[in-house]
Amino acid sequence: MLPTRALFATAAAAATPAEAVLTVAGVCLAFGENHVLQDFSLTLNRGENVVVMGKSGAGKSVLIKCVIGLQRPDAGTITVLGQDLGALDHAGLDRLRTKLGFLFQSNALYDSMTVRENLLFPLRRQWLAHTPAQEAELVRQALTDVGLADTAALLPAALSGGMRKRIALARTLILRPDIILYDEPTTGLDPITAREIDHLIRAVQAKYNTSAVIISHDLACVRLTADRVALLAEGRCYAQGTYAEVSANADPKVHDFFI
Amino acid sequence: MILSSFLAEAGTITRFAGRFFREGVRPRYEVQEFLYQCYVIGYQSLPLVGITGFIMGLVLTLRLRPTMVQFGAESWIPVMVGLTVIQELSPIITGLMVAGKVGSNIGAELSSMRVSEQIDAMDVSGTNPFKYLVVTRVLAATLMVPVLTLLSDAIGLFAAFVGVNMQGSTTLLLFINHIVGRLTFGQVLPAVVKTFFFGFAIGLISCYKGYYASNDTAGVGRAANSAVVAGSLAVFLLDLVAVLVSTAFGLI
């Protein structure tokens with residue numbers, strides 16, 4: 001049995017008070033004539049996983065890049081953990097980012113660094129560990145959480161796609177974020193590895209009570225990881241609800257995603 | 001059309017340079033990464049620069065010798081070689097070698113980091129990627145090219161000494177005395193100063209090409225290639241400017 005499953009099994013049931021940790025309100029963003037987001041709104045509650053679905057090019061990745069501050073919306077407000085993103089200066093944004101994790105679609109592991117160095121990089125940049133012993137413990141804990149405790153000395157090139165995804169998640173977890181943004185976490189993985197990543201996402205949520213926005217159009221991933229599904233179409237939140245509710249929606253624009 | 005795109009590119013690089021100075025003076029200072037880049041750009045380029053410097057000094061001496069002998073000016077070989085190596089050949093060859101080796105390396109590295117979202121990952125982990133990747137590399141190139149040039153000068157002159165002794169005989173002390181006795185501070189200073197600009201241009205251009213590479217795999221190749229081409233061209237253009245300026249000030 002996978003360590004992640006064990007973690008999942010032992011995790012306490014997450015309390016789900018409806019405390020909004022992320023609010024996206026009326027966000028608009030255009031690239032030239034291409035209006036990607038038009039009055040998009042979404043709320044994420046503490047301890048909740050929201051999966052955002054949508055066609056390729058619909059603006060899903062752009063949306064979470066707006067949430068982390070890599071893109072600035074043309075209009076609308078994004079409130080993360082009570083802070084208006086648009087009102088933050090660069091230092092304030094950096095401080096807020098310590099509470100946000102971002103799992104890139106390409107994993108974005110630093111090729112020239114070992115797994116240990118990859119994990120230590122955000123830790124040292126944020127001055128979050130003060131002694132080598134603390135650093136070592138945090139690295140060990142993060143790697144154990146993703147079931148890859150023995151890979152610390154390896155370079156990313158020596159890892160498989162699934163392992164890289166896990167290491168990227170470990171690098172995200174090491175800062176103990178309140179919110180994790182997953183950009184297509186199962187894309188490019190075989191079905192078995194993809195399901196392992198899905199279980200890992202759930203395990204992380206259960207263990208750390210994290211909230212997550214997950215970008216995906218992998219239906220199995222959506223079904224396994226989503227507490228709520230939001231469908232991004234025509235630049236706005238076209239439909240939302242539980243997986244069962246949204247998949248039962250008769251509107252062809254919604255229904256077509258679940259065929 | 002070509003002129004307008006060239007001017008647009010020049011404008012963008014100028015803004016990039018402005019950002020380098022703005023970000024460079026503000027803390028936090030990336031000392032550890034800067035020292036690592038000095039090691040990569042300086043120490044790891046030393047074998048290449050050393051070999052080319054040696055060959056340059058030796059070939060120049062062997063080529064000059066017959067003509068100098070013909071005019072009965074054999075004793076002037078050290079001075080001729082010394083002036084040529086220190087003032088022109090060594091700075092230019094070192095600049096070109098660094099533009100080729102380091103420029104392509106930086107261009108490819110930063111562009112592949114862009115494509116694989118590593119630069120964005122740096123940003124979201126609270127690191128200013130411009131400061132960490134660009135400022136450190138440009139600064140290291142600016143400081144290391146002069147150091148490499150001085151080492152290349154020394155190696156080139158030693159090679160010239162070897163060349164002189166292959167077909168004649170002189171002592172190292174006499175050889176050095178010949179060169180040092182004829183060189184003036186005004187001849188050496190512009191040659192050293194211009195190498196700082198060479199290093200700055202090579203670092204800045206290669207970082208610019210890599211940092212703003214298009215977000216696809218073909219962009220990596222284009223960034224590496226254009227970093228070398230533009231960096232090499234910049235070395236020649238700056239050399240021309242340096243010669244014109246030093247001539248205008250009588251430093252020649």
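Visitor: Why are α1(B) and α8(B) called roughly perpendicular to each other?
Guide: In this predicted model, α1(B) and α8(B), residues 185-211 of chain B, pack at an angle of about 110°, with their axes 10 Å apart. Axes are lines fitted to C-alpha atoms, for helices over the stretch in contact, and angles run from 0 to 180 degrees between N-to-C directions. Angles under 35 degrees count as roughly parallel, over 145 as roughly antiparallel, 65 to 115 as roughly perpendicular and the rest as oblique. The two helices are therefore roughly perpendicular. Helices here are DSSP runs (H or I, at least four residues), as are strands (E, at least two), numbered from the N terminus.

Visitor: Which residues make the contact between α1(B) and α8(B)?
Guide: Ile13(B), Phe16(B), Ala17(B) and Phe20(B) come from α1(B), and Leu204(B), Ile205(B) and Tyr208(B) from α8(B). Contact requires C-beta atoms, placed from the backbone, within 7 Å.

Visitor: How does the side of chain B that touches chain A divide by class?
Guide: There, 10 residues of chain B are in contact with 14 residues of chain A. The chain B side has two nonpolar, five polar and three charged residues.

Visitor: What makes Asn107(A) buried?
Guide: A residue is buried if 20 or more other C-beta atoms lie within 10 Å of its own, exposed if 12 or fewer, and partly exposed in between. Asn107(A) has 25 within 10 Å, so Asn107(A) is buried. Asn107(A) lies in the loop between β6 (100-103) and α4 (115-125) of chain A, and its phi is near 75°, a positive value in a residue other than glycine.

Visitor: Why is Arg176(A) called partly exposed?
Guide: Arg176(A) has 15 other C-beta atoms within 10 Å and is therefore partly exposed. Arg176(A) sits in the loop between α6 (161-173) and β7 (179-183) of chain A, with phi near 50°, also positive in a residue other than glycine.

Visitor: How are residues and chains labelled?
Guide: Residues are numbered from 1 along each chain as its sequence is written, and chains are lettered from A and ligands numbered from 1 in the order in which they are written. Local features need pLDDT of at least 70, side-chain atom pairs count only at pLDDT 80 or more, and totals for chains, interfaces and linings use all residues.

Notes: Two residues are in contact if their C-beta atoms, placed from the backbone, lie within 7 Å. Ala, Val, Leu, Ile, Met, Phe, Trp, Tyr, Cys and Pro count as nonpolar, Asp, Glu, Lys and Arg as charged, and the others, Gly among them, as polar.
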